[in-house]
Amino acid sequence: MAKTALITGVTGQDGSYLSEFLLAKGYEVHGIIRRSSVDYRERIAHLEGTPHFHLHYADMSDSMSLVKLVGKVMPDEIYNLAAQSHVQVSFDAPEFTADVDAVGVLRILEAVRTNHLEKTCKIYQASTSELYGKVEEVPQSETTPFHPYSPYAVAKLYGFWIIKEYREAYNMFCCSGILFNHESERRGETFVTRKITLAAARIAQGKQKCLYLGNLDSLRDWGYAKDYVECMWLILQHKTPEDFVIATGVQHSVREFATLAFHHAGIELRWEGEGINEKGIVASINPALAQAEGLKVGDVVVAVSPDFYRPTDVVNLLGDPSKAKRELGWNPQTTSFEQLVELMVAHDMKKVAADDAAAEIRKVNLAEYLEKGVDK
Ligand code: NAP
Ligand code: GDD
């Protein structure tokens with residue numbers, strides 16, 4: 001019998017890759033979506049209408065919608081990925097973040113219990129390296145003490161502990177994957193990696209002059225999202241319910257990410273100045289890749305803006321994936337940092353060029369419409 005999975009956060013970066021992964025394994029996949037006035041289903045558009053993929057309206061802030069849906073779908077596995085996942089936004093919307101990222105986890109657990117599925121339904125909770133926050137040791141492992149350092153991390157800490165509590169109190173198979181940053185060509189455009197790869201592509205193609213960033217010294221352990229969703233599944237197939245750190249074990253700064261991304265877009269950067277005055281300056285140009293008219297050596301293409309500084313920033317994340325390697329047989333180095341940056345930039349170079357072509361077509365259509373009065 002095919003297993004049934006319910007994914008919250010199915011429209012997000014991880015939800016889209018996890019859906020593809022589970023469908024390929026023969027699962028019946030159900031996902032939760034919310035109503036929006038604009039189309040936000042780009043990442044799963046290719047799956048919609050396929051036989052084993054089903055979407056349902058519900059919301060992490062609406063208990064009844066979750067109870068009804070869990071009762072209807074009767075999942076064997078729940079992957080709770082839904083969250084207000086942007087750390088900086090959590091400082092502006094802390095209450096909403098707590099409701100979705102903390103109490104939302106409790107609502108899922110209670111929806112399972114209300115439907116008497118606690119003995120049969122396994123639950124994966126999307127936990128995070130942000131729990132280590134103001135880090136107390138480097139690298140961080142399953143035994144490193146937590147020190148959350150944003151409203152997002154504090155909400156996720158509740159999620160981590162309530163999962164552990166239900167595991168111990170009700171003997172439920174529920175676990176947290178403590179995932180370090182993972183990125184992809186589907187990453188939200190306001191997270192630092194995607195913001196950089198899109199800007200590098202736009203600058204190389206003459207569509208943007210300068211990229212403004214916050215803390216360039218921040219260190220992250222960046223992996224590839226497609227590799228990480230496999231681990232979510234492996235955690236639920238493990239013989240016992242346990243929590244796992246998922247990371248590559250390799251660390252780079254935001255500055256290093258930007259340098260490599262611009263390199264793949266045909267622009268070599270040199271850095272000058274410090275702190276708020278630091279700048280990324282064009283040192284040389286590869287004309288086969290960067291064809292922006294007027295772009296020249298000496299131009300400032302990266303600058304620092306205090307708008308992107310956070311009240312408290314997590315600056316030293318490096319994961320120790322030994323347990324996942326040993327007990328799940330997962331390979332943390334499937335995609336290297338260098339490959340990750342290269343694939344993201346290659347994608348965005350094409351995307352920026354295609355967006356431009358689409359805008360050109362719209363302009364021509366508009367001109368024809370205005371001229372001929374024909375609606376295209
Ligand atoms: P993402 O792209 O921001 O996706 C978040 C998903 O949550 C979206 O599908 C979003 O739906 C949904 N969502 C938000 N609020 C909701 C609500 N009230 N009700 C129902 N759905 C709601 O995030 P991601 O990068 O895929 O991350 C997936 C999960 O892993 C998140 O919980 C995140 O906190 C956690 N995590 C991520 C990373 C990482 O580096 N990516 C690392 C550690 C942990 P809409 O499309 O409708 O907004
Ligand atoms: N977003 C953003 N924008 N971050 C910037 C910028 C900028 O312009 N400039 C510097 N940064 C720094 C941030 O201060 C942070 O230290 C680092 O880059 C990474 O920021 P994000 O890419 O926004 O990710 P994050 O680490 O805060 O959070 C992501 O990873 C967590 C796991 O550690 C999110 O995916 C979270 O949901 C996830 O839990």
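Is Cys-210 buried or exposed? Cys-210 is buried, with a relative accessible area of 14%. Buried means under 20% relative accessible area, exposed over 50%, and partly exposed in between, with a 1.4 Å probe and protein chains only.

Some ground rules. This is a predicted model, where local features need pLDDT of at least 70, side-chain atom pairs count only at pLDDT 80 or more, and totals for chains, interfaces and linings use all residues. Residues are numbered from 1 along each chain as its sequence is written, chains are lettered from A and ligands numbered from 1 in the order in which they are written, and side-chain values use heavy atoms, with hydrogens and water left out.

Let me stay with cysteines. The structure holds 0 disulfides (pairs of cysteine sulfur atoms within 2.5 Å). Take Cys-121, which is in no disulfide. Its nearest cysteine sulfur belongs to Cys-174, 9.6 Å away. Cys-121 is buried too, at a relative accessible area of 1%.

Now ligand 1. It has 25 residues around it. A residue counts as near if one of its heavy atoms lies within 4 Å. Thr-11, Arg-34, Leu-81, Ser-85 and Tyr-152 come nearest. Look at the polar contacts, meaning pairs of N or O atoms within 3.5 Å; within protein, one must be able to donate a hydrogen and the other to accept it, and residues adjacent in sequence count only if both atoms are side-chain atoms. Ser-85 places a polar side-chain atom 2.6 Å from an oxygen of ligand 1. Met-60 uses a polar backbone atom, 3.0 Å from a nitrogen of the ligand. His-182 has a backbone N or O atom 2.9 Å from a ligand oxygen.

How much of ligand 1 does the protein bury? Alone, ligand 1 exposes 900 Å², and the protein buries 89% of that. These areas come from the Shrake-Rupley method with a 1.4 Å probe; for residues, only the protein chains shown count as cover. Helices (H or I, at least four residues) and strands (E, at least two) are DSSP runs, numbered from the N terminus. β5 gives the most, with 3 residues.

On to ligand 2. It is surrounded by 25 residues, and the closest are Ser-85, Ser-129, Tyr-152, Ser-218 and Arg-310. Tyr-152 is at 2.5 Å, Arg-310 at 2.6 Å and Lys-195 at 2.7 Å. Taken alone, ligand 2 exposes 710 Å², of which the protein buries 96%. Here α6 (192–204) and β8 (211–213) are the elements that give two or more residues to the shell.

Next, Ser-61. Find it in the loop between β3 (53–57) and α2 (63–73). At 36% relative accessibility, Ser-61 is partly exposed. Its side chain makes a 2.7 Å polar contact with that of Asp-59. Beyond neighbours within four places in sequence, Ser-61 is in contact (heavy atoms within 4.5 Å) with Asp-99 and Arg-107. Val-103 lies 42 residues from Ser-61 in sequence, yet the C-alpha atoms are 7.9 Å apart.

Last stop, helix α8, residues 254–264. It is mostly covered, with 8 of its 11 residues buried. Among them are Phe-257, Leu-260 and Phe-262. Gly-266 follows α8, and its phi is positive, near 95°.
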